[in-house]
Amino acid sequence: MAEESTSGKYYKVEVIAELFGVSVRRIQQLTQDGVISTVQTSEGRRYELVPTVQKYVKYLSDKAYGKSRSETEAKLREQKLRAEVALKESQGELHRLRTDIAAGKYISVEEVKVDYSRFFISFKKFAMGLPSRLAGRLAGFMDPVEVRQLENEMQKDAQKLLKGFVVNATIEERDASKEKDTSN
């Protein structure tokens, strides 16, 4: 049960638990929290009787008078306070966003899509009309066959660029929706 040494007697956790009138698990928690400690002996980790009793009595006294808390309790309290501050900040940000939305500072995604759709339809008409407008201006300065050839080349280039733009936008939109789906 006990092992003799020059500094005192060493006991297993079960004996200390019985002496204190608590469970073995409670003694393990007190050890983990740094309230009491073990020492390495030839038979394994053991509790030295006198220092263990003294530390436990001090712990109970401090707890009764509300003096010191264990380091773990202090850390947990600090973490809780940080979490509460972060929660309050995020709630404040959410409230600000809701207020801004209600005030009309933000518009819906659907409105943006409709707006961009209208813009790109107008832009496409404008871009596709440029070759013929330019051809009309060059008609008096160049051979009509060359003007028509230049107009056709510019028309094909504009169509190619617009088609590439639409294809890239569609691919990026699909990629964005896939990322959104995987993050949920």
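Predicted model: local features only at pLDDT ≥ 70, side-chain atom pairs only at ≥ 80, totals over all residues.

Reader: What pLDDT does the protein average?
Author: The average is 84, and 82% of the residues score at least 70. By element, the highest mean pLDDT, 95, belongs to helix 1 (residues 13–20), while strand 1 (residues 3–4) has the lowest, 48.

Reader: How many helices and strands does the protein have?
Author: There are six helices and four strands.

Reader: What percentage of the residues is buried?
Author: Of the 184 residues in the protein, 17% are buried. The accessible surface comes to about 14,800 Å², with 57% of that belonging to carbon and sulfur atoms.

Reader: Which residues form a nonpolar patch on the surface?
Author: Look for Tyr116, Phe119, Phe120, Phe123, Phe126, Leu130 and Phe165, which together have about 690 Å² of accessible area. Helix 5 (residues 109–138) supplies the largest share of this patch, six residues.

Reader: Why does Phe126 count as partly exposed?
Author: The general idea is that partly exposed lies between buried, under 20% relative accessible area, and exposed, over 50%. Phe126 sits in helix 5, and it counts as partly exposed because its relative accessibility is 45%.

Reader: And among contacts between residues at least 6 apart in sequence, what share joins residues at least 24 apart?
Author: That share is 47% in this protein.

Methods
Residues numbered from 1 in each chain as written. Heavy atoms only, no water. Patch = residues over 30% accessible without salt bridge, like charges linked within 9 Å, V, L, I, M, F, W, Y side chains within 5 Å. Areas by Shrake-Rupley, 256 points an atom, 1.4 Å probe, with all protein chains shown as cover. Salt bridge = Lys/Arg side-chain N within 4 Å of Asp/Glu carboxyl O. Helix = DSSP H or I, 4+ residues; strand = E, 2+ residues; numbered from the N terminus. Buried < 20%, exposed > 50% of the residue type's maximum accessible area, 1.4 Å probe, protein only. Contact = heavy atoms within 4.5 Å. pLDDT = per-residue confidence, 0-100.
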